[in-house]
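Please take a moment to look over the sequence and the fold together before reading on. The paragraphs below are meant to be read with both in view.

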Amino acid sequence: MNLETLRHEWFGNVRGDLLSGLVVALALIPEAIAFSIIAGVDPKIGLYASFSIAVLIAFVGGRPGMISAATAATAVLMITLVRDHGLQYLLAATVLAGLLQIAAGVLRLGNAMQFVSRSVMTGFVNALAILIFMAQVPELIGVPAMTYVMVALGLAIIYLFPRLTTAIPSPLLAILVVTAISLAFGMDLRVVGDMGELPSELPIFLLPDVPLNLDTLLIILPYSAGVAAVGLLESLMTAQIVDDLTDTGSDKNRECVGQGIANTVTGFFGGMAGCAMIGQSMINVKSGGRGRLSTFAAGIFLLFLILVLGDFVAIIPMAALVAVMIMVSIGTFSWSSIIGLRSNPRRSSVVMLATVVTVVWTHNLAIGVIIGVMLSGVFFAWKVAQIFRVTSTLSEDGLIRTYRVEGQVFFASSDRFASAFDFKEAVEQVVIDVTAAHIWDLSGVAALDRAVLKFRREGAEVELKGLNEASATIVDRLAVHDKPGALDQLSAH
């Protein structure tokens with residue numbers, strides 16, 4: 001990376017990055033506390049993690065402007081570990097999860113993002129928007145009536161103020177105005193301080209107090225592997241979304257390594273594992289954040305707010321932050337995907353809806369994305385299998401039958417390939433022309449073997465021609481029709 005790129009990523013948008021970083025920091029506080037409560041640990045564990053991960057990922061991440069911190073996706077995976085073994089094992093699992101993510105980046109597993117279809121991405125985004133909104137619902141149930149008024153006021157400021165000026169991010173103004181009005185009129189509203197006590201000291205370096213033996217490794221490895229996988233999946237999906245929003249690219253493998261470094265270091269500073277946050281990343285982008293400075297500022301402002309201005313932050317009404325998160329959920333949801341349900345290919349819509357339903361039902365982004373990717377793969381294989389045909393011609397003397405195969409021969413089309421031949425026809429020679437075909441896998445090779453051997457069993461001479469280089473390689477390596485005793489193996493092959 002050259003000096004000009006570094007300058008652009010860090011100082012190409014200083015004012016916008018600093019202001020958006022402040023907005024993100026304010027929104028991070030209640031979420032970090034809530035995620036700590038989910039995991040069953042002290043609120044400071046989530047707050048320290050959010051500070052540490054955000055600052056570190058600003059330097060080592062592969063996607064400028066993306067916010068990483070403690071998240072619900074990783075917190076829910078740690079509940080059982082904390083309950084059964086305690087905080088120190090959570091910290092050890094965080095360190096190991098980071099090391100696994102670094103290994104994934106070194107192995108270039110970030111390239112796997114190319115196999116995630118647009119339908120899965122859309123389903124992921126829509127599901128996350130729904131989950132973000134659902135997370136605000138508890139703050140709107142059983143609360144004073146003025147809470148709804150303040151939320152409405154916050155939303156009005158967020159959406160209307162940019163029509164006057166974009167000099168100040170409207171979410172930040174909404175937080176300040178709602179807080180000021182709440183204090184001026186002495187409103188009895190739920191505030192950030194009600195979520196939990198804010199820490200009053202800097203995090204310190206410490207080694208997790210666990211035995212360094214195989215038993216400890218066996219305890220934490222399943223949790224670390226789950227956190228590493230879910231964290232990378234959510235981070236890479238979020239990076240792709242921010243890429244699209246900002247019309248810029250990012251290094252997915254560097255992001256894997258960066259997330260790993262951030263989690264590993266965070267575990268040594270008393271923080272829990274985290275990953276990229278689509279909600280906070282959307283706040284950052286929509287508030288004008290684009291560079292690494294915005295992510296760094298979010299982490300530094302977060303620490304400053306909880307240590308220096310903790311008393312002031314504690315009195316911010318949750319209604320103000322709920323308004324910001326509702327704005328995020330509305331902006332995150334792909335409304336065009338609803339309109340496109342009628343016009344888009346049916347299979348694409350099924351993949352999108354299946355991803356949404358699975359994520360919302362399980363509250364697990366990884367499961368939803370895996371289901372979506374699997375469905376996409378099945379539908380793609382089925383579609384490719386349909387672009388396949390076998391035609392044949394008989395020579396004028398009636399002694400040579402030529403079969404011309406067109407399309408892809410693999411597990412999904414192998415049955416159609418096998419049924420396309422007339423093995424009982426009395427001909428002396430059969431030519432199987434695969435010039436316009438490609439043989440992909442063991443199923444395709446096995447189907448070809450069966451066809452050749454069945455014709456030979458009926459007494460016909462078989463010529464196979466037109467294999468391209470890749471097909472010839474797999475046929476030469478796996479096929480048995482030219483090997484001794486092949487006819488005897490026909491029934492078992």
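This is a predicted model: local features need pLDDT of at least 70, side-chain atom pairs count only at pLDDT 80 or more; totals for chains, interfaces and linings use all residues.

Residues are numbered from 1 along each chain as its sequence is written, and side-chain values use heavy atoms, with hydrogens and water left out.

We begin with two helices. Helices (H or I, at least four residues) and strands (E, at least two) are DSSP runs, numbered from the N terminus. Two packed helices are described by the angle between their axes and the distance between the axes. Here, the axes of helix H10 (residues 214-246) and helix H18 (residues 365-386) come within 9 Å and cross at roughly 70 degrees, where axes are lines fitted to C-alpha atoms, for helices over the stretch in contact, and angles run from 0 to 180 degrees between N-to-C directions. Because of this angle, H10 is roughly perpendicular to H18, a term used for angles of 65 to 115 degrees, whereas those under 35 count as roughly parallel, those over 145 as roughly antiparallel and the rest as oblique. On the H10 side, the contact (heavy atoms within 4.5 Å) is made by Val230, Leu233, Glu234 and Met237, and on the H18 side by Leu365, Ala366 and Val369. These contact residues divide into six nonpolar, no polar and one charged, where Ala, Val, Leu, Ile, Met, Phe, Trp, Tyr, Cys and Pro count as nonpolar, Asp, Glu, Lys and Arg as charged, and the others, Gly among them, as polar.

Next comes helix H12, which spans residues 278-286 and holds Asn284. H12 is mostly covered, since eight of its nine residues are buried, meaning under 20% relative accessible area, with exposed being over 50% and partly exposed in between (1.4 Å probe, protein chains only). Asn284 itself counts as buried because its relative accessibility is 0%. Leaving aside residues up to four places away in sequence, Asn284 touches Ser20, Gly21, Val24, Gly65, Ile67, Gly289 and Ser294. Just after H12, Gly288 takes a positive phi of about 105 degrees.

What is the place of Ala104? Ala104 is in helix H6 (residues 87-106), and with a relative accessible area of 8% it is buried. Ala104 and Asn253 are 149 residues apart in sequence and 7.9 Å apart in space, C-alpha to C-alpha.

Finally, we turn to the aromatic rings. The structure holds 14 aromatic pairs, where rings of Phe, Tyr and Trp (its six-membered ring) pair if their centres lie within 6.5 Å, and planes under 30 degrees apart count as stacked, over 60 as edge-to-face and the rest as tilted. Phe421 and Phe423 form a tilted pair, 6.1 Å centre to centre with 40 degrees between the planes, and both are buried. Phe388, Tyr403, Phe417, Phe421, Phe423 and Phe455 form one aromatic cluster. Phe421 is found in the loop between helix H19 (414-418) and strand S5 (429-439), and it touches Tyr403, Ile432, Ala451 and Phe455, not counting residues up to four places away in sequence.
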